Amino acid sequence: MNVRLYLWQRLTAAAMVPLIAVHLAVIFYATRQDLTAADILARTRGSIAWALFYGIFVAAAAIHAGIGLRNILVEWSRLRARTAGIAAMAFAAVLAALGARAIAAVVLP
Amino acid sequence: MSSELTVSLWRGSESGAYETYAVPARQSQTVLDVVTYVQRNLDPTLSYRFACRVGMCGSCAMMVNGRPRWTCRTHVSKVAKDGRLKIGPLENLPVIKDLATDMQPFFEKWQDAKGVFEPSLTRHDPIQEIRPDTPDRVAADAAVECINCGVCYSACDTVRWNPDYMGPAALNRAWSLVNDVRDAGQTERLQAIAGDGGCHSCHTHQSCQQLCPQSLNPTAAIAGLKRRTVQAYLKGEIKA
């Protein structure tokens, strides 16, 4: 890991601390209040705030997990740092795409 | 303690096996005493390394019952389990023969981490006065007593997993110099330790701190280097 990756991993970790807290609170709220899928979609569709919230969350998670996976591959596999970086970047892109798809499904009107 | 120790010693190079010897137990006996007894009385072909025998030179580190130790200052009574000792060459380093490892990769990483003092003055300049109580000097002093024994390097999980990682000793040395106000090579040093294999690979397992015979804290030194390199990176002084 170099200083740039280190910094990005720490920054995304710090960003995710409040995001995870809000995300968990939302889950508890939705289940405690017995919100249906229709109730949830009524709140999220067309909401720029939720799109931004989960957009930042997905980006941070993809970057954070990508850097972490690169480190694991460097230490635990026989891959060279460059190859591990490419593999981890591909994984991060898949995470970002899956997350973007999920956000689009609940946010787009 | 029983009157006899059962001592297993690594014999061979990278491939080999542990062989068992019976060694008389003595009072105030060190692990190095045990190895020396075997070499002088039981098998003169045993290879191992030592010099000062008083904990100054850092030559005699070996694996003792699974942990790297400076053998000249490690009492048998503190580490033997039921009168048994298992002594091997330091881990994470190539084995030359028996208990002697090749320390070359260890010292090459000191060079990679720019562990050499770069003077900012010449011999014609007056001697610079450094107050011992300034924060920089206190930090440099805390890291300066390393005896290069390789115990921390051998104890480090990250070195085991990532052979490119510079390791606790080299980075601890770099931290000592980073805090030395007389040194003129700071940017190059921070650049050298900010890449893959540098200080950011440390997982803060703290085995180095736990096992350092000099009670140094390389983990804290590495944490300091992480902060300094991030600051230098954000200021544009070094590149990733």
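Reply: Let's begin with a definition: two residues are in contact if their C-beta atoms, placed from the backbone, lie within 7 Å. This is a predicted model, where local features need pLDDT of at least 70 and side-chain atom pairs count only at pLDDT 80 or more, while totals for chains, interfaces and linings use all residues. Residues are numbered from 1 along each chain as its sequence is written, with chains lettered from A and ligands numbered from 1 in the order in which they are written.

Me: Thanks! How many residues of chain B are in contact with chain A?

Reply: 13 residues of chain B are in contact with 10 residues of chain A. On the chain B side, helix α10 (residues 218-234) gives the largest share, four residues. Helices here are DSSP runs of H or I with at least four residues, strands are runs of E with at least two, and both are numbered from the N terminus.

Me: Which classes do the residues on that side of chain B fall into?

Reply: Ala, Val, Leu, Ile, Met, Phe, Trp, Tyr, Cys and Pro count as nonpolar, Asp, Glu, Lys and Arg as charged, and the others, Gly among them, as polar. The side of chain B that touches chain A has five nonpolar, six polar and two charged residues.

Me: Is Met166(B) buried or exposed?

Reply: A residue is buried if 20 or more other C-beta atoms lie within 10 Å of its own, exposed if 12 or fewer, and partly exposed in between, with C-beta atoms placed from the backbone. Met166(B) is buried because 30 other C-beta atoms are within 10 Å. Met166(B) sits in the loop between α6 (157-161) and α7 (168-178) of chain B. Setting aside neighbours within four places in sequence, its contacts include Lys109(B), Asp112(B) and Ile193(B). Across chain B, 45% of the 240 residues count as buried.

Me: How are two packed helices described?

Reply: Two packed helices are described by the angle between their axes and the distance between the axes. Axes are lines fitted to C-alpha atoms, for helices over the stretch in contact, and angles run from 0 to 180 degrees between N-to-C directions. In chain A, helix α1 (residues 3-32) packs with helix α3 (residues 48-76) at an angle of about 135 degrees, their axes 9 Å apart. That makes α1(A) oblique to α3(A); angles under 35 degrees count as roughly parallel, over 145 as roughly antiparallel, 65 to 115 as roughly perpendicular and the rest as oblique.

Me: Which residues of α1(A) and α3(A) make the contact?

Reply: Among them are Trp8(A) and Met16(A) of α1(A), and Phe57(A) and Ile67(A) of α3(A). By class, this contact has 12 nonpolar, five polar and no charged residues.
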